[in-house]
Amino acid sequence: MIDSRPRPFGVSEVSSSEPVALIQIQRDESLPEIQFLQKAFQALSDAAPRIIFVSQTSSGQTLSVAIPGAGLDHARRTVAEKLKPEIDKGQLSILCTAAEFSVLSVVGAEMRHRPGVAGKV
């Protein structure tokens with residue numbers, strides 16, 4: 001059914017997925033960024049059945065990855081095992097692993113005309 005009522009900010013749908021877990025990996029300056037990403041994504045591909053989203057800091061030092069919450073313990077162990085040589089050298093560290101988050105998705109065709117609207121919703 002199509003609802004023709006006007007909606008605030010041009011949003012037509014809001015959805016959530018839960019539970020979601022977060023893993024953050026940080027690199028030291030001694031490890032080049034491209035090598036960091038290669039090692040991190042290889043470890044994550046062995047650890048997580050599905051990656052929901054990826055975010056990297058503008059400095060390239062920290063990578064945050066959201067995965068299904070049920071896979072956190074396995075992912076944490078696998079990532080730590082795969083990255084052990086770099087962790088032992090102090091080049092990488094696992095900053096945070098946390099569960100019970102949700103990812104909210106805000107969708108609407110008219111949102112494109114309103115910069116920053118997703119952050120306001």
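Helix α1 has 15 residues, and its span from first C-alpha to last is 21 Å, close to the 21 Å expected at 1.5 Å a residue; the expected span is 1.5 Å times one less than the number of residues. Helices (H or I, at least four residues) and strands (E, at least two) are DSSP runs, numbered from the N terminus. This is a predicted model, in which local features need pLDDT of at least 70 and side-chain atom pairs count only at pLDDT 80 or more, while totals for chains, interfaces and linings use all residues. Residues are numbered from 1 along each chain as its sequence is written, and side-chain values use heavy atoms, with hydrogens and water left out.

In α1, the buried residues are F36, L37, A40, A43, L44 and A47. Buried means under 20% relative accessible area, exposed over 50%, and partly exposed in between (1.4 Å probe, protein chains only). Seen down the axis of α1, its buried residues fall within an arc of 140°, so they line one face of the helix; the arc is that of the directions from the helix axis to the C-beta atoms. The face turned away from that buried side carries the exposed residues I34 and Q38. The cover over the buried residues of α1 includes β1, β2, β3, α2 and β4.

Helix α2 can be read in the same way. L72, A75, T78 and V79 are buried in α2. Down the axis of α2, its buried residues fall within an arc of 135°, so they line one face of the helix. On the other side of α2, R77 and E81 are exposed. The buried residues of α2 pack against β1, α1, β3 and β4 (92–107).

Next come the strands. β1 and β3 pair in the antiparallel sense over seven bridges, where pairing requires that DSSP finds at least two bridges between two strands. Within β3, V65 stands opposite I23. Strand β2 (residues 53–56) also pairs with β3 in the antiparallel sense, over four bridges, and S55 has S64 of β3 as its bridge partner. β2 and β3 form a hairpin with five residues between them, and G60 in the turn has a positive phi of about 80°. Six of the seven residues of β3 are buried.

S64 itself lies in β3. Is S64 buried or exposed? At 13% relative accessibility, S64 counts as buried. Its side chain makes a polar contact with the side chain of Q24 (3.1 Å). A polar contact is a pair of N or O atoms within 3.5 Å; within protein, one must be able to donate a hydrogen and the other to accept it, and residues adjacent in sequence count only if both atoms are side-chain atoms. Residues up to four places away in sequence aside, S64 touches L22, I23, Q24, F53, V54 and S55, contact meaning heavy atoms within 4.5 Å.

E100 lies in strand β4. E100 has a positive phi of about 65° although it is not a glycine, and at 73% relative accessibility it counts as exposed.

Finally, the core. In the largest nonpolar core, which has 19 residues, I25, F36, L63, I67 and V79 touch the most other members. Such a core is a set of buried Ala, Val, Leu, Ile, Met, Phe, Trp, Tyr and Cys residues joined through side-chain atoms within 4.5 Å. β1 (13–27), α1 (33–47), β3 (62–68) and α2 (72–82) each supply at least two residues of this core, and α1 gives the most, with six.
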